Amino acid sequence: MGFTVLIPARLASSRLPDKPLADIAGLPMVVRVAHAAARSGASRVVVAGDAPSIVAACEAHGVAAVLTRADHPSGSDRLAEACSLLGLDGDDLVVNVQGDEPLIAPAMVDACAALLRERPDCVMATVAHAIDDVAEFTNPNVVKVVLDADARALYFSRAPIGWWRDGFAQGITTLPVDPAPLRHVGLYAYRAGFLRRFPALPVAPLETLESLEQLRVLWHGERIAVHVSAERPGPGVDTPGDLARVRALFSAR
């Protein structure tokens with residue numbers, strides 16, 4: 001059974017305006033993302049853009065794209081509309097690859113889709129990797145996740161979790177080894193039926209507090225399977241500095 005990669009892309013970005021169209025080695029960033037995703041086992045890759053310029057840029061480079069509303073409050077809402085436009089529903093598998101991840105690993109996309117396919121007890125799957133750096137662990141911009149015995153997410157947080165009571169008594173200077181803290185990677189697989197109804201679920205208080213949309217899923221009693229990867233994803237693009245770094249990596253290839 002194949003799966004569809006959907007890539008949400010919007011022009012508005014406070015830190016990097018027109019981010020999806022930023023040039024990376026001669027191609028718009030969102031096209032670079034689509035090309036990387038196409039190297040996975042996906043049966044198709046579609047960009048869900050919020051502006052005609054995004055759709056036009058994709059089509060100019062042979063990338064499928066659909067135009068979605070510009071007023072969606074989140075990427076998940078945009079993907080839900082894209083599912084409707086593409087006729088995806090029920091148990092159809094959808095993988096959400098962020099539109100600012102031109103270095104996403106195709107194997108990681110495949111692993112996320114395969115995990116959800118194997119876990120009928122879960123409506124979503126995502127990815128994490130071990131943290132081995134104290135600064136990363138304490139950084140509130142780095143989202144952490146803790147798991148249950150069946151590798152399902154118990155909680156996501158910007159705070160350093162799990163908290164090592166004895167080891168952190170004098171401050172966080174080293175990290176526990178077992179279990180190692182996990183960084184959450186913003187790559188998601190969904191069953192399309194759940195994705196289409198997700199925007200209608202009431203927003204969870206913890207989601208608002210942490211500014212983490214995935215907490216809505218847990219708040220409403222649904223489960224998220226987590227693939228723990230030995231591989232780290234390539235750097236994403238949020239700022240002009242990130243863009244310069246990724247451009248340099250492409251130039252060095």
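How many bridges pair strand β7 (residues 124-130) with β10 in the antiparallel sense? The count is 7 bridges, and view A below starts from there. The model is predicted, so local features need pLDDT of at least 70 and side-chain atom pairs count only at pLDDT 80 or more, while totals for chains, interfaces and linings use all residues. Residues are numbered from 1 along each chain as its sequence is written, and side-chain values use heavy atoms, with hydrogens and water left out.

**View A. Strand β10 and its antiparallel partners.**
Helices (H or I, at least four residues) and strands (E, at least two) are DSSP runs, numbered from the N terminus. Two strands pair if DSSP finds at least two bridges between them. Strand β7 meets β10 over 7 bridges, with M124 opposite Y190 of β10. β6 is joined to β10 by 4 bridges, also antiparallel; here V95 has A189 as its bridge partner. β8 pairs with β10 over 2 bridges in the antiparallel sense, and K144 stands opposite R183. Of the 10 residues of β10, 8 are buried, where buried means under 20% relative accessible area, exposed over 50%, and partly exposed in between (1.4 Å probe, protein chains only).

**View B. The largest nonpolar core, with L187 among its residues.**
A nonpolar core is a set of buried Ala, Val, Leu, Ile, Met, Phe, Trp, Tyr and Cys residues joined through side-chain atoms within 4.5 Å. The largest one has 48 residues, and V5, I7, V47, V95, V97 and L187 have the most contacts inside it. Helix α1 (residues 29-38) gives the most to this core, 7 residues. Another core, of 30 residues, lies apart from it and includes M124, A192, I224 and V226. Contact means heavy atoms within 4.5 Å. Beyond its neighbours within four places in sequence, L187 is in contact with V95, N96, V97, M108, V109, C112, A125, T126 and V127.

**View C. Helix α3 (residues 75-86) and what covers its buried residues.**
The expected span of a helix is 1.5 Å times one less than its number of residues. For the 12 residues of α3 this gives 16 Å, which agrees with the 16 Å between its end C-alpha atoms. The buried residues of α3 are S76, D77, R78, L79, A80, E81, A82 and C83. Their cover includes strands β1 (4-9), β4 (44-49), β5 (64-67), β6 (93-96) and β10 (182-191), as well as helix α6 (192-197). After α3 comes G87, with a positive phi near 75 degrees.

**View D. The hairpin of β8 and β9.**
Strand β8 (residues 144-147) runs antiparallel to β9 (residues 153-157), and 4 bridges join them. V146 has Y155 of β9 as its bridge partner. Between the two strands are 5 residues, and A151 in this turn has a positive phi of about 60 degrees.

Most residues other than glycine have a negative phi, and most peptide bonds are trans. Not counting residues up to four places away in sequence, T174 touches V134, W164 and F168. The C-alpha atoms of T174 and F137 are separated by 10.0 Å, although the two are 37 residues apart along the chain.

**View F. Two non-glycine residues with positive phi.**
D18 has a phi of about 55 degrees and sits in the loop between β1 and β2 (23-24). D18 is partly exposed, with a relative accessible area of 42%. S211 has a phi near 60 degrees and is found in the loop between α7 (205-210) and α8 (215-219). S211 is exposed, at 52%. In helix α7 itself is E207, buried at 9% relative accessible area. Leaving aside neighbours within four places in sequence, E207 is in contact with L212, E213, L215 and R216.
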